[in-house]
Structures are given as structure tokens and as C-alpha cells.
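Here is a short report on one protein model. It covers confidence, cores, helix packing and some single residues.

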Amino acid sequence: MEQTLDGEGAASASSQAANPAGPANLANAASPAGAADAASPASASSQAANPATPASEPGTSPQVAGAPGAQRPVRVLVADDQDLVRSGFRMILSSYDGIEVVGEARDGDQAVQLAERLRPDVVLMDIRMPRVNGIDATRAIRSNAVLADVQVLILTTFDLDEYVYDALSAGAGGFLLKDAEPDEIASAVRVVAAGEALIEPSITRRLIETFVAARPGVPAGDAARGIDQLTDREREILTLVARGLNNDQIGERLFISPATVKTHLARIMAKLDAHDRAQLVVRAYESGLVKPGVM
């Protein structure tokens, strides 16, 4: 059941048939905005995914507790201040099996409140919104222990955007261009729901190098916090992560198994207070462990 915070009465059961192969422009894909925001009682369903069980494949749907092998839909909250954009994403995502849009928010404050109420798997978060922007909303969600299983996927117009860098630093699991193809949008939601970072390594390096180089004023102590607690092996793995290598590639480089790499990454994240791979890359650059332009 789709929800917002600013309507009255029960939500209307409007049809949401979008053609996933249709145009990527969300405004063109959207229906009139008037049907977007009727409120309904909060769903009583609980967050069923077990946070202690890592997803075995990127893009797989969360598992239903007590039903081994069974899958439930990926539950998505869409946050954008433009009605047409929200409606477009809702129509596109609702046309895919295994994805359910459970709510919409017009600003970051509503996004945080609905995340607390609905416990979606993914918040599709616009950056530029009134009252509370997407960066502050992302930080509020990712720092809330109750919302530890809620992932954030940032919506942006340009891939090289300073605000995207800030959002990744705040804990977003990746970013998605607003004019992405429908299949890319659905795939991105599934990947982030599975706990994987959704950023191409080349784009990650280009994005972070651009803005780390432009921000020499990051306090050294803050940026390096936790780096001195890493073992030599952990520093080595963090460096390779920042250079864009995946777990298999790191394992091959260091002659260890991908499972061992994953164990090291969990320890590194704990020491650096990082929520995901994207934040690890930010920490590596800001601390000076990896230098912009140096491979």
C-alpha cells in the first residue's frame, strides 16, 4: 500500500501499468500528478530480511524470514519534490515483478519519517529538495540504528555532482541518473536492496578524485579517523577497494579467497564506521591513504 504524509483518507487503487521498454524520460512516463499523494494507514508488515545474512547475489530480493528460498518484493520509498518524477518512478518500478512502491515523500523530512514508519528496503532519494535535502535525509537514515537495513539510492541529473559526493559520504549506497532506462532503474533498486554499492569503479574514482582534490580543507584528524587502527592487510585491501577492484579481483591479487576479503571488509567497515563500500572509498581518499590520480 503506497503512502505519503500529506494527504487525507484511504489511498485510491489506481492502475499503474508502465511499459518498461518505453522512454527513459520520467516526466514523459508519468501520469498526471493529482493521483500521487493520497494517504493510507501504515502497513503492519515488519522488516523481514535478516540483517545478519548477507545477500549471495547482487540484485536478489530480500528473503522472507522463516521461508528459506522464498522471496518477497523489494519495498521502495520514492522521495522527490516533483510530482511528475515521483509518479514516473512509481509507474516504472510497479511494472516490474518483485518490486513494490510503498510510499512517496515530497522532501527529506517526509522521507525520514516514512522510512521510520514503513521500513522500506530502498529509499530512492532526490538530492535537491525543500526543507530537508536528500543529503541530510540520507545521513539521518543511515545513522539511525533502527533503519540499519534501509538502503539509499541517490537520484541525480549529472554523474559528476558535488552533492553526489556528499551523499556517498553520508552513507548512500549508490546513485542513479534520472534519465536512466527503466531496466537500469529496476536493476539499480535490486542491487542496492541486496546491500551492494551501485557505482561503477571508474565513475567512483572520477567522482571522488574530483571533489577530494577540490576540498583540501578536510580536517586530517577527522578524515584519518580509524585508519591507524587498520592492520597492514586491511590497509592493503582498502587501497584496492578504492582503486575499484571487486572482491574476486582483490582475492586474486592477494592470493586469498573472496570470502576472506569479505571478512576483512566487514572489519574495515566496523573500524571506520562505514556503512558500505562507497563510504570506504570516500574514507580512503579523504584520509590520504589513496591519492587522487595515483593508481
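## Terms and basis

Helix axes are lines fitted to C-alpha atoms over the stretch in contact, and angles run from 0 to 180 degrees between N-to-C directions. Helices (H or I, at least four residues) and strands (E, at least two) are DSSP runs, numbered from the N terminus.

This is a predicted model: local features need pLDDT of at least 70, side-chain atom pairs count only at pLDDT 80 or more, and totals for chains, interfaces and linings use all residues. Residues are numbered from 1 along each chain as its sequence is written, and side-chain values use heavy atoms, with hydrogens and water left out.

## Confidence and overall make-up

pLDDT is the predictor's confidence in each residue, from 0 to 100. Its mean over the protein chain is 75. A value of 70 or more is reached by 65% of the residues. Residues 6–61 stay under 50. For that stretch the model has 111 contacts (heavy atoms within 4.5 Å) beyond four places in sequence. Residues 63–69 are also below 50. They have 11 contacts beyond near neighbours in sequence.

The protein chain has 12 helices and five strands. Of its 295 residues, 46% count as buried. Buried means under 20% relative accessible area, exposed over 50%, and partly exposed in between (1.4 Å probe, protein chains only). Take contacts between residues at least 6 apart in sequence: 72% of them join residues at least 24 apart.

## Nonpolar cores

A nonpolar core is a set of buried Ala, Val, Leu, Ile, Met, Phe, Trp, Tyr and Cys residues joined through side-chain atoms within 4.5 Å. The largest one has 29 residues. Within this core, A79, V123, M125, I141 and I154 touch the most other members. Strands β1 (74–79), β2 (99–105), β3 (122–126) and β4 (151–156) are among the elements that give two or more residues to this core. So do helices, including α3 (108–118), α4 (134–142), α5 (162–170) and α12 (277–286).

Which residues does I141 contact, leaving aside neighbours within four places in sequence? They are A111, V112, A115, V123, M125, L147, V150 and V152. Another core, of 22 residues, lies apart from the largest one. Its members include L93, Y96, V101 and A188.

Helix α5 has several buried residues: V164, Y165, D166, A167, L168 and A170. Just after α5, G171 takes a positive phi of about 120°.

## Helix pairs

Two packed helices are described by the angle between their axes and the distance between the axes. Helix α2 (residues 83–94) packs on helix α6 (residues 182–193) at about 80°, with the axes 10 Å apart. That makes the two helices, α2 and α6, roughly perpendicular. Angles under 35 degrees count as roughly parallel, over 145 as roughly antiparallel, 65 to 115 as roughly perpendicular and the rest as oblique. From α2 come F89, I92 and L93; from α6 come P182, I185, A186 and V189. By class, the contact of α2 with α6 has seven nonpolar, no polar and no charged residues. Here Ala, Val, Leu, Ile, Met, Phe, Trp, Tyr, Cys and Pro count as nonpolar, Asp, Glu, Lys and Arg as charged, and the others, Gly among them, as polar.

The axes of α9 (residues 232–242) and α12 come within 9 Å and cross at roughly 105°. Helices α9 and α12 are therefore roughly perpendicular. L238, V241 and A242 of α9 meet R277, L280, V281, A284 and Y285 of α12. This contact of α9 with α12 has seven nonpolar, no polar and one charged residues.

The buried residues of α9 are E234, I237, L238, T239, L240, V241 and A242. Just after α9, G244 takes a positive phi of about 100°.

H264 is found in helix α11. Is H264 buried or exposed? H264 is buried, at 14% relative accessible area. Not counting residues up to four places away in sequence, H264 touches R233, E234, I237 and I256. H264 and T231 are 33 residues apart in sequence and 9.9 Å apart in space, C-alpha to C-alpha.

## Loop residues

R119 is in the loop between α3 and β3. R119 is not a glycine, yet has a positive phi of about 50°. R119 is partly exposed, at 29% relative accessibility. D273 sits in the loop between α11 (258–272) and α12. Its phi is positive too, about 55°, although D273 is not a glycine. D273 counts as exposed, at 58% relative accessibility.

E196 lies in the loop between α6 and α7 (201–213). With a relative accessible area of 33%, E196 is partly exposed. E196 and Q151 are 45 residues apart in sequence, and 9.5 Å apart in space, C-alpha to C-alpha.
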